[in-house]
Amino acid sequence: MERMNVNPTRMMLTSLKKRLKTAVRGHKLLKDKRDELMKEFLDLARENGRLREDVEKRLGNVYKNFTVASSIMSQEVMEESLMFPKQGVELQVSSRNIMSVDVPVFDFRTTAEDPADIFPYGFARTSGELDNAISELSDIFPMLLDLAAKEKETALLAAELEKTRRRVNALEYVMIPRLQVTIKYIQMKLDENERGNQTRLMKVKDMMLEEAIAEKKAKDEAAIERMVESCQ
């Protein structure tokens with residue numbers, strides 16, 4: 001792993017150690033978030049799959065009833081019967097937070113006073129299959145909203161999971177190793193400088209001792225010479 005291009009000083013070493021500590025803690029938190037997001041995503045995917053299967057099955061029954069009704073009724077009567085819907089819907093969108101991800105929540109209410117009043121036609125000219133299809137669609141509508149919310153929630157969680165996974169990998173395989181390599185390099189440089197300083201200090205000490213010994217020897221010789229001269 002390539003190290004960072006920094007000056008090998010003690011101040012830089014302290015700063016990098018703090019960054020490494022923060023990166024390790026952030027890596028742990030992001031891993032916990034990634035694992036929780038994965039659990040939420042898998043649970044939601046399973047629930048979404050069951051709901052989609054149920055909705056598709058019931059929509060198949062609706063299409064079947066519409067097909068039978070279309071074969072029994074004329075096209076003009078079918079169009080006239082469905083031209084003016086009797087029931088309206090007002091959709092409300094809110095959100096809830098899952099692991100720092102805002103996911104949509106859909107809710108609705110009917111505009112008519114009686115939610116069960118859904119047939120925009122009389123029953124004299126229509127077939128029972130059309131009635132069944134419209135009734136089934138009315139029952140499926142809340143499920144469709146729930147499915148749409150879960151589909152969007154799944155997509156948002158998948159995007160957040162991928163982003164978190166990239167951050168975890170960047171910390172684990174790039175930033176933390178680079179910081180560790182750089183810290184080790186600075187420590188080696190500082191230790192090398194420390195050994196160099198100690199070697200120089202020892203040399204200076206030896207030189208000072210030699211000078212002191214030489215100076216003392218010179219003084220002793222001078223004193224001996226003076227004593228000899230005084231004795232003569």
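Which side chains does a polar contact of 2.9 Å join? They are those of Glu-160 and Lys-33, a polar contact being a pair of N or O atoms within 3.5 Å where, within protein, one must be able to donate a hydrogen and the other to accept it, and residues adjacent in sequence count only if both atoms are side-chain atoms.

This is a predicted model, where local features need pLDDT of at least 70 and side-chain atom pairs count only at pLDDT 80 or more, while totals for chains, interfaces and linings use all residues. Residues are numbered from 1 along each chain as its sequence is written, and side-chain values use heavy atoms, with hydrogens and water left out.

Glu-160 sits in helix H3 (helices are DSSP runs of H or I with at least four residues, strands runs of E with at least two, numbered from the N terminus). Glu-160 counts as buried because its relative accessible area is 11%; buried means under 20%, exposed over 50%, partly exposed in between, with a 1.4 Å probe and protein chains only.

| Residue | In contact with |
|---|---|
| Glu-160 | Lys-33, Leu-37, Ser-100 and Val-101 |
| Leu-179 | Met-4, Leu-16, Arg-19, Leu-20 and Ala-23 |

Leu-179 also belongs, with Leu-16 and Ile-186, to the residues with the most contacts inside the largest nonpolar core, which has 14 residues. Such a core joins buried Ala, Val, Leu, Ile, Met, Phe, Trp, Tyr and Cys residues through side-chain atoms within 4.5 Å. Helices H1 (10–72) and H3 (128–231) each give two or more residues to this core, and H3 gives the most, with 7 residues.

Note on methods: Contact means heavy atoms within 4.5 Å. Lists of a residue's contacts leave out its neighbours within four places in sequence.
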